[in-house]
Amino acid sequence: MKTLYTKHLLALLVCAPLLMVSCDKSFEEENTNPDASTKVEPEYMFSKSLYDALNNSTSAAYEFSSGGFVQHFATYLEVPGLGDKYVYTSGTYPYAYFSGAYVDGINEIQKTIQALEDDADKVNMRAIANIWKVYIFHRITDLYGMAPYTEAVTAYGEANYSPAYDTQEDIYTHMLSTLQTSIDEFDNSKESFGSGDLIYGGDTGKWKKFAYSLMFRLAMRMTKVDAASAQTWAQAAIAGGVIENAADNAIIAYVGGQEINSNPISYQLRNNNYSEANQGTSNTEGGKFSETFISHLKENNDPRLTSIAAVWVNGIQDTTASMQQGMPNGLVNRPADFASLSEPNLGTFLSLTASLLVIGSPEMNLLLAECAARGWVSGDPSAYYEKAVTDAMNNMGVLYGSAAAISNDRIRNYIEDHPLPSSFEAQMEAIHTQFWVSVFPDEIEVYSNWRRTGYPKLAPVNVTGNLTNGTIPRRLTYPPSEISVNSESYREAIELQGADNFTTRVWWDVE
């Protein structure tokens, strides 16, 4: 964040009084783009924020950090080994998400809000923009803990280049309040976004469900640190109406081609590891699907295995379930069978035209199953659990095309073979192990849910020289630019939160 701000500050310093004449002469004429608009177009800027927020660090934060922590992915190389081996030697893996979120998504959504704030007729657009702002910020704070929030967007307007960090508890309190306020502001008599809303086309009813679903997600995050507040907010969200059915899923469709029009996870993972040209024999970051993940899918006869995974055989990806094999986490040398290990299926899961699920019914129904088990909501936990599994498997065809579709018979057989247990702890393990599979590839959310629940039970690695004493990291670390440019706020943050390392727990992540 500060890197961009510092550039603006340095530009101002160059035009100091002694140089003012040379800097000012024809400055406006020579530095004005005649084709650029000087006015923010809210609908366009909102679209840009949607794209940029979802396209933020989808390799560093997904495969090589969060996705490695929860053992969906593995790598044998050291440089990208943060998530896989808990080592960090170079690169931007621990802080790329933080830097990217502020420069793009946060600044863009704040400009959208500011362009709408004085127009009473744009109340629906403003409410949607504020909901999306919460979505971006909750990803930042869940990965890092304390973060600039209240003062995060004051650099341009107020020349504040050293924004204070807010505690995660305060951020959560404000985010939940913002969601409720935004929901209450919706007015069916006013206009909304149109085609600029790439998720719902401006449908305020569906955005209301999105907001309640995000509220539900945040509420459940607090179960260990503040169970009373978690219950209150969860029940409010459920009463308001969360995304229980696939028809209300928040999905962005992509047409492929240029990067901005391609599924961001597919685009980055193809570029970093899984290109057709390599055919499984080599890749930049030494990545494959993890043995933990593939073995779980195989041992449970999970039909999603053949929807997402494949091995290369004679230049073609083969999805035969019996042939799938993951790579162990924690390797420091290339395994002899590397070329025959499972990778993402390029024709389905990693298609550039694959749709992206932002928040959906599988996650919501699994959280409803947990709430029912806790007695926070009426209903049978098993019914919510089965609905979640059914919707997650149906999503394979919806998101990744007909080649990934799973038949009703296979879904029914899986559910019959994997009923929800009767005891509370066994239910929690089943629900959140299912979460680990069903919410994939939203690795940031899977990682957050794993930290909260401890499920599935993962065996950490203990590679020589790792930074966590052989424990799975609990957070990511701040960018060097924060340490050097926003040093005072940074120091205040770590004094409150704890050392800026991978084992310090965020506010809601208590043992």
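Which residue in β7 is the bridge partner of Trp312? The partner is Gln317. Strand β6 (residues 309–313) runs antiparallel to β7, and 3 bridges join the two. Both belong to an open sheet of 3 strands, ordered β7-β6-β8 with antiparallel pairing; two strands pair if DSSP finds at least two bridges between them. β7 (316–318) and β8 (343–344) stand at the edges with a single partner strand each, so one side of each has no neighbour in the sheet.

The model is predicted: local features need pLDDT of at least 70, side-chain atom pairs count only at pLDDT 80 or more, and totals for chains, interfaces and linings use all residues. Residues are numbered from 1 along each chain as its sequence is written, and side-chain values use heavy atoms, with hydrogens and water left out.

The chain has 22 helices and 9 strands; these are DSSP runs numbered from the N terminus, helices being H or I of at least four residues and strands E of at least two. Its radius of gyration is 23 Å, close to the 24 Å that the globule rule gives for 511 residues, so the chain is as compact as a globular protein of that length. The radius is taken over C-alpha atoms, and the rule is 2.2 Å times the number of residues to the power 0.38. The C-alpha trace spans about 75 × 55 × 45 Å along its principal axes.

| Helix pair | Axis separation | Crossing angle |
|---|---|---|
| α7 (residues 96–116) and α8 (residues 123–144) | within 10 Å | roughly 165° |
| α11 (residues 204–221) and α16 (residues 361–374) | 11 Å | about 50° |

Axes are lines fitted to C-alpha atoms, for helices over the stretch in contact, and angles run from 0 to 180 degrees between N-to-C directions. α7 and α8 are therefore roughly antiparallel, whereas α11 is oblique to α16. Angles under 35 degrees count as roughly parallel, over 145 as roughly antiparallel, 65 to 115 as roughly perpendicular and the rest as oblique.

Contact means heavy atoms within 4.5 Å. Between α7 and α8, the contact residues include Tyr97 and Ile109 in α7 and Trp132 and Phe137 in α8. This contact divides into 17 nonpolar, 4 polar and 3 charged residues. Ala, Val, Leu, Ile, Met, Phe, Trp, Tyr, Cys and Pro count as nonpolar, Asp, Glu, Lys and Arg as charged, and the others, Gly among them, as polar.

In α11, Ser213, Phe216, Arg217 and Met220 meet residues of α16, among them Glu363, Leu367 and Arg374. The contact of α11 with α16 comprises 6 nonpolar, 1 polar and 4 charged residues.
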